[in-house]
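Welcome! Have a look at the sequence and the model below, and then follow along through the sections.

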Amino acid sequence: LALLEDVRKSVLDTVEVYNAAINACGRAAQYEQAVLLMTDMHQRRTLPDVVTFSTAISAYGKGTEFEQALRLMEDMQLNEIVPNVITFSAAITACEKGTQYEKAMLLLEDMRRSGVRPDVI
């Protein structure tokens, strides 16, 4: 939580700083804090990138919030940000942890259709 406040108070509100903070939230299983950081980014007009979305999707997956992870995949499309192998892997893992195996398989198919090669991550 202290990290969240530090980022919010920081004048260094770059996408890289937010990405690092969102990643730290995910590692600490604090997906709610990751969401707050993304909201803060939006309010400060700091544009998210593929790393932002990938780390937030991963944070949701660790919190077994697969629906929210899938919603972020949709948000990426709205923001014209192309998911990469890490993004897809995080979303597939979120579905797996939520026992949503059909959705995971659909994501794998979407991944292939979009030209992203599945990888071992």
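## Helix α6, end to end

In this predicted model, helix α6 covers residues 85-97.

At the start of α6, Asn-84 brings a side-chain oxygen to within 3.0 Å of the backbone nitrogen of Ile-86. After α6 comes Thr-99, which has a positive phi, near 50 degrees.

Which residues of α6 are buried? They are Val-85, Thr-87, Phe-88, Ser-89, Ala-90, Ala-91, Ile-92, Ala-94 and Cys-95.

As for disulfides, a search of the whole structure finds 0.

## The fold as a whole

Stepping back, how many helices and strands does the protein have? There are 7 helices and 0 strands, and along the sequence the pattern reads α-α-α-α-α-α-α.

The protein has 121 residues, and buried residues make up 41% of them. Contacts can also be sorted by how far apart the partners sit in the sequence. Among contacts with a separation of 6 or more, 60% are between residues 24 or more positions apart.

## The nonpolar core

The largest nonpolar core contains 34 residues. Within this core, the residues with the most contacts are Ile-22, Ile-57, Leu-72, Met-73, Leu-107 and Met-111. At least two core residues come from each of α2, α3 (31-43), α4, α5, α6 and α7. The helix from the opening section returns here: α6 gives the largest share of the core, 7 residues.

What does Ile-22 contact, once its neighbours within four places in sequence are left aside? Its partners are Ala-34, Leu-37, Met-38, Met-41, Thr-52, Thr-55 and Ala-56.

Asn-19 sits in helix α2, which runs over residues 15-27. Is Asn-19 buried or exposed? Its relative accessibility is 9%, so Asn-19 counts as buried.

Now look at what surrounds this side chain. Asn-19 and Thr-52 are joined through their side chains by a polar contact of 2.4 Å. Not counting residues up to four places away in sequence, Asn-19 touches Asp-49, Val-51, Thr-52 and Thr-55. Thr-52 and Thr-55 are also among the contacts of Ile-22.

## Salt bridges

How many salt bridges does the structure hold? There are 4. One of them pairs the side chains of Arg-44 and Asp-40, at 3.4 Å from N to O. Arg-44 is partly exposed, with a relative accessible area of 28%, whereas Asp-40, at 10% relative accessibility, counts as buried.

Arg-71 and Asp-75 also meet in a salt bridge, at 3.0 Å from N to O. These two are 4 residues apart in helix α5, so about one helical turn separates them. Arg-71 counts as partly exposed, because its relative accessibility is 35%.

In α7, Asp-110 and Arg-113 are 3 residues apart, which means that about one helical turn lies between them. Their salt bridge brings the closest N and O atoms to 2.3 Å apart. Asp-110 is partly exposed at 32% relative accessibility, while Arg-113 is exposed, with a relative accessible area of 59%. This pair belongs to a network of salt bridges that links Glu-109, Asp-110 and Arg-113.

Methods:
Residues numbered from 1 in each chain as written. Predicted model: local features only at pLDDT ≥ 70, side-chain atom pairs only at ≥ 80, totals over all residues. Heavy atoms only, no water. Expected span 1.5 Å × (residues − 1). Buried < 20%, exposed > 50% of the residue type's maximum accessible area, 1.4 Å probe, protein only. Polar contact = N/O pair within 3.5 Å; in protein donor to acceptor, adjacent residues only side chain to side chain. Disulfide = S-S within 2.5 Å. Contact = heavy atoms within 4.5 Å. Core = buried A, V, L, I, M, F, W, Y, C linked by side-chain atoms within 4.5 Å.
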